[in-house]
Structures are given as structure tokens and as C-alpha cells.
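Trainee: Could we walk through this structure together, one question at a time?
Mentor: Gladly, here it is.

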Amino acid sequence: MSERILLLGSGGRECAIAWKISQSPELEKLFIAPGNGGTDSYGENIAISPLDFQAIEKFVSEQDIDMIVVGNEDPLVAGIYDYFASRSNAPLIVGPSKMGAALEGSKDFAKQFMARHGIPTAAYRSFTAETVAEGEKFLETLRPPYVLKADGLAAGKGVLIIDSLEEAKSSLREMLGGMFGASSATVVIEQFLKGIECSVFVLTDGNGGYRILPVAKDYKRIGEGDTGLNTGGMGAVSPVAFADAEWMQKVEERIVRPTVEGLKAEGIVYRGFIFLGLIDVDGEPMVIEYNVRMGDPETEVVMLRIGSDLVPLLRAAASGDLGELPLEIDARYATTVMVVSGGYPGSYPKGKVITGAAEAPRGSVWFHAGTSKNAAGELVTSGGRVIACSAYGDTLTEALEASYAGANAIDFDGKYFRRDIGSDLKAIEEGL
């Protein structure tokens, strides 16, 4: 079978997915909308917004697109699956319906879903401007630190973790007063869970079939030692030392299977990726959050470790029948180090000329995130996270050395990257 595929998105995640899709012998043509300065190595960039459904529909018709792979959450939450579901001769969509996307689009919905299906997560309550006084009283029943989450999408910035009770109460009022716009019209307050986190990714066909993809751990803070502001992600590692076979069996039995079966039981159409943000609390896995797409920068290591052809798996999931299709996993380690613009995650300049990024050394793959081409055809920065330097290794140390060699080779004015990615997992491995 020969597939014409449209991939929606423009970040490092989409670059990694494009890289993997482009290797398939079943691919006829790959388009990326809008793509970035590196995705054109794997397909053709198209200047269409992932949220312009009418333009996407027109392009799909003109180009005889067989399948749309949705990279980021915004089109899913906006209902791209539902938009095409009512069309005749619609392409396959890798991604959930609007109701399924509410697992990420509404933290309150996700928490209620977990409660209905007995999925382990932190204790919580949700509040609005009308119940802010009750929210303050609920905070008084909790031990610090206090976790406040905007119910809706907030570009990864809608979670506050606060040590002071008075500050938590003040922040609750600010959030309900519009700190994150409509996204924080409802605020979820939940119990703080202490432990080490990881990301588990599942590809499901909506009919009970699923495949668990390689586990990864990302690093969100801008500063070394997990200090400073949260970012979209400064690096990632796969596999994860503590996520051994015994722990993953708990994950599958207590979280993955109840999630997949719960969606089916509730009649929620979900054919695509489920991101499980998990935390290991004294050996027991618990859910911090759901996302309805692959994570970034975890995708930049997960794609390296998928040994199977990805296109048949995507097609089968989107068709509603994964059947017995195998998923092969590369046993090697994969790591990524994100090279970012100076000033990120705050304000930062754009248009800085990038040098040294022409070709990654053998065993490494560089996934572009915030890059574009200027009028002179030069590669320049266009975002906070610029290039993810990914690499394989027979050991974690070997993979990290290769990732850091890439981070050092790439250069532009104001370049920054963390130098301690994976150090915590190395310590765990050494202690096992």
C-alpha cells in the first residue's frame, strides 16, 4: 500500500515523527503543515495552519491525502477528527475525537474520568470564581506544596506549585480572575505527589487494541538540577531505569488497560496516541496528567527506539484495528538534549543564524524545533527551543556523550542547553 500523508505541526515532535514516517516503504508522499527549517528533509512543507480546517480539507482533496497525523493538541481539542468524520471520502485521522481530546483539554474532565474508572491519581477538587472561598478552605486541608492547575490548555504554563498557603490562596484568586484567560475559569487543586516522573505513550485503535511505546523521561526546568522556570522540555532519555518490567506491568494493568477500556465503554472515539504523565510514588505508578498526542521532547527519543515501520501501525490505529501488528523496540538507549535560545522560556530574539547544523554525525539525529530559513536561505532561529540533538548509544553514558557532542557543535548567538540531562537516571542505574 502506498500512502500520501499529511502531518500537522511545526515542532521537534513533528520533525521526529516526519523522520520516522519518511523511512517507510509504504510512504508515497509526506507533507508537513506548516513544518519548520528541518522537516523539509523528510517531506514537503506546506504553509497551512493546523487550525485552518477548511484549508486542510481543500489540500486533502487536491492532493488525495490518505491519512492525517495530528502532531499537537490544539487541532484535536478544536475537533479536527469530528470535522472530517462527517465528510464523505475523508482521510484516516490519527488522533481522538473532540470528546477524547478533552482528556487533555480539560483537567477536570480527565480527573473525573480517572475517578470513574479507578485509575490511580492525586486527590483533587475543582473550583470556579463562584466557589473560590471553598477552594481556599480546601487548600487549608492540604499539606504544602500546593498544586493549582488551569482546567484548559495554557501552552504548558497552567500549573503552579506553591509552598506558601497564603500565596496559594492568592494565586487561586488570580487564576480564577483570568491569569490564563478562559483556560483558568475552572481551577483544579490537587494533592502534591512526591516521586520521580516518566512518560508512557500508548497507540490505541479505539476498540480495545493498543501498543505501549518506549518509556521516556523528560526534563522540564530551564536550569540544571531541575531549577528555574518550567519549559516545554530541555531534554529526554529512553529507556527509564526505574520503569522495569514489574513496574510497567502495574502501569498496564492499573492505568493503560482501564484507560483504553474506559474510553470504549463510554463511547468516546479515540484512535491515536495517549500520553500518560506518570509518577512513581514508593514503587506505585500514579497518573499526573493525560495528553492526547506524543510528548515533546520525548518523541525525539521514542521515535529512535521504534524498530517497526510506523506507517502501518498508524494506519491500523486510525482504521480501528491494530490486530496482531507487531511493535519492535530498539534495545539501545536514546537521548536528546535541547539547544534553546538565550532568554527562553521568557522573551528571546529570533532570526539568529545557526551554524554547524548541516549534518549530524553517525549515530545521531538532529530534530529541528524552532528553526526556519531566511530570505538568503540561511537556517535561523524562530523559536525558544531550536534543535533537539538526539543520539543512540549502547549505554546511557554513550548516548548522552553523542547528544552533547551535537549540542556543542551547533552554534548561534545566545545558545544555551542543560548539561545534566539523564544524570538522575545514571545515578539510579549505578545503584541497581
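**Strands, cores and rings**

Mentor: Strand 1 (residues 3-9) pairs with strand 2 (residues 27-34) in the parallel sense, over seven bridges. Strands here are DSSP runs of E with at least two residues, and helices are runs of H or I with at least four residues, numbered from the N terminus; two strands pair if DSSP finds at least two bridges between them. This is a predicted model, where local features need pLDDT of at least 70 and side-chain atom pairs count only at pLDDT 80 or more, while totals for chains, interfaces and linings use all residues. Residues are numbered from 1 along each chain as its sequence is written, and side-chain values use heavy atoms, with hydrogens and water left out.

Trainee: Which residue in strand 2 is the bridge partner of L8?
Mentor: Look at the pairing of strand 1 with strand 2, which is parallel. In strand 2, the bridge partner of L8 is A33.

Trainee: Which strands stand at the edges of the sheet?
Mentor: The open sheet has five strands in the order 3-2-1-4-5, with parallel pairing. Two of them each have a single partner strand, so one side of each is left without a neighbour in the sheet: strand 3 (44-45) and strand 5 (92-94).

Trainee: What angle does the direction of helix 1 make with that of strand 1?
Mentor: Helix 1 (residues 12-21) packs on the sheet, touching strand 1, strand 2 and strand 4 (67-70). Contact means heavy atoms within 4.5 Å. Axes are lines fitted to C-alpha atoms, for helices over the stretch in contact, and angles run from 0 to 180 degrees between N-to-C directions. For helix 1 and strand 1 the angle is about 170 degrees.

Trainee: Which residues touch the most other members of the largest nonpolar core?
Mentor: A nonpolar core is a set of buried Ala, Val, Leu, Ile, Met, Phe, Trp, Tyr and Cys residues joined through side-chain atoms within 4.5 Å. Buried means under 20% relative accessible area, exposed over 50% and partly exposed in between, with a 1.4 Å probe and protein chains only. The largest core has 72 residues, and those touching the most other members are L6, I56 and I68.

Trainee: Which helix gives the most to this core?
Mentor: With seven residues, the one that gives the most to this core is helix 9 (residues 245-265).
Another core, of 45 residues, lies apart from it, and includes A216 and I222.

Trainee: Is V386 buried or exposed?
Mentor: V386 is in strand 22 (residues 385-393). Leaving aside neighbours within four places in sequence, its contacts include M338, I354, F367 and F412. Its relative accessibility is 0%, so V386 counts as buried.

Trainee: Why is the pair of Y344 and Y348 edge-to-face?
Mentor: The whole structure holds 10 aromatic pairs. Rings of Phe, Tyr and Trp (its six-membered ring) pair if their centres lie within 6.5 Å; planes under 30 degrees apart count as stacked, over 60 as edge-to-face and the rest as tilted. The centres of Y344 and Y348 are 6.2 Å apart, and the pair is edge-to-face because the planes stand at 65 degrees.

Trainee: How far from the ring centre of Y392 does R332 lie?
Mentor: A charge sits over a ring if NZ of Lys or CZ of Arg is within 6 Å of the ring centre and within 35 degrees of the ring normal. R332 lies over the face of Y392, and its distance from the ring centre is 3.8 Å.
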